[in-house]
Amino acid sequence: MVLQEYNSIIGNLLNSIKRSIFRRIVDKHQGDRYFKTFRTWEHFVTIFLGQILKNCNSLRDIEDFLLSNQNQWYHLGIKHKISRSTISYANNNRSWEIFFDILKYLLAKTKTLSEPINPVKIIDSTPIFLNLNLCTWAERTLRIKGMKMHTVFDLSSKKPVHFTFTGAKTSDIKEGKKVEIEKGTTYVFDRGYINFNWWNEIIEKGAYFVTRPIKTMSFVNQTKKINETENISYQIVQLKSKRSEQAGKKVKNKCADKILKLVFIERENDKPLLLITNMIDVSNKEISELYQKRWQIELFFKWIKQNLQIKSFLGRSENAVKLQICVALIAYLLIQQAEELKEYMSEVCKYFTESKFIKLINNNIFQTLKPR
């Protein structure tokens, strides 16, 4: 049984998921094969409620909430009483890849119909901290105890377009190499993605990059340092090293013969900001602004960690943790796509903001909306 569509806040949020697509993904992974009563849709709805409701931080909270709202079961697509032990078993045994495929389906829907002339994508990762005593499968580094979520963020639509999950020990550049390079796109990333042969791949495919060099990088100067403005100067260079280290081995540096540009940006009470790029003909001010916009992906990471439940988890297994993160990201995309709901909320709420929108959803989850 699937959700019976009706004009409410929860119905409006979930209507973005086509039921036929959902069933197709479940059948692909045989998600309902070993679960006779607790279907995948019911599982998804219970975890989804735990993401958007602030008072559902545990399996017991979710169980109590469903028991106190039995009159809504039909509309949610729930047929039987759901216990916390049932949810826990499903979290550990129903493949998280089902929800990851649903996430990818929603990401494909969010792509803009008309691609911008000069698309910009930001690549970065964020740590997901876990209790290593409970999640014994998780990895540990000097900085991270848990796992990483790697993200590609589209600056034009201000939405993520790609996710992967790895252990804490996996390097950023290893996942960065898996990103499909698109011609004409500018990729902005930090110093965790320095790999000369990957840079060469970006250049060869007709794309661009903007990043910060590390101290150990050396250059052959092609021009003297040229002042563009009072605070910004630049220099045309080539990489000096003919070989680079890759997976602990010395390999040929395919980017050594490529013309690059170093941009120097003076900052008050701080060291100059140094950027490197293959955008030779673009003004240095624009390059500086592009790198500053990298902060947008940090704001995205901050938003999901503050507004969704990915700091405390409903299960300890790797499957349960990844499943919950996927549903959290699905919740983010559904909230972002709820344009009709935002329009309605802005009419009933005088001071409408994004944070206010989340609170209104949380407090009025089953409220019936006005008929069109």
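Mentor: Two strands pair if DSSP finds at least two bridges between them. Mind that this is a predicted model, where local features need pLDDT of at least 70, side-chain atom pairs count only at pLDDT 80 or more, and totals for chains, interfaces and linings use all residues. Residues are numbered from 1 along each chain as its sequence is written, and side-chain values use heavy atoms, with hydrogens and water left out.

Trainee: How many helices and strands does the protein chain have?

Mentor: There are 14 helices and 13 strands. Let's pick β3, residues 145–154.

Trainee: Which strand forms a hairpin with β3, with K158 in the turn?

Mentor: That's β4; four residues lie between the two strands, and K158 has a positive phi of about 55°. β4 (residues 159–167) runs antiparallel to β3, joined by eight bridges. For instance, M147 has G167 of β4 as its bridge partner. β2 covers residues 139–140 and pairs antiparallel with β3 over two bridges; R140 sits opposite K145.

Trainee: And how many bridges join β1 to β3?

Mentor: Nine, also antiparallel, with β1 spanning residues 120–129. F129 faces G146 of β3 there.

Trainee: Is β3 mostly covered or uncovered?

Mentor: Buried means under 20% relative accessible area, exposed over 50%, partly exposed in between (1.4 Å probe, protein chains only). Nine of the ten β3 residues are buried; across the 372 residues of the protein chain, the buried share is 53%.
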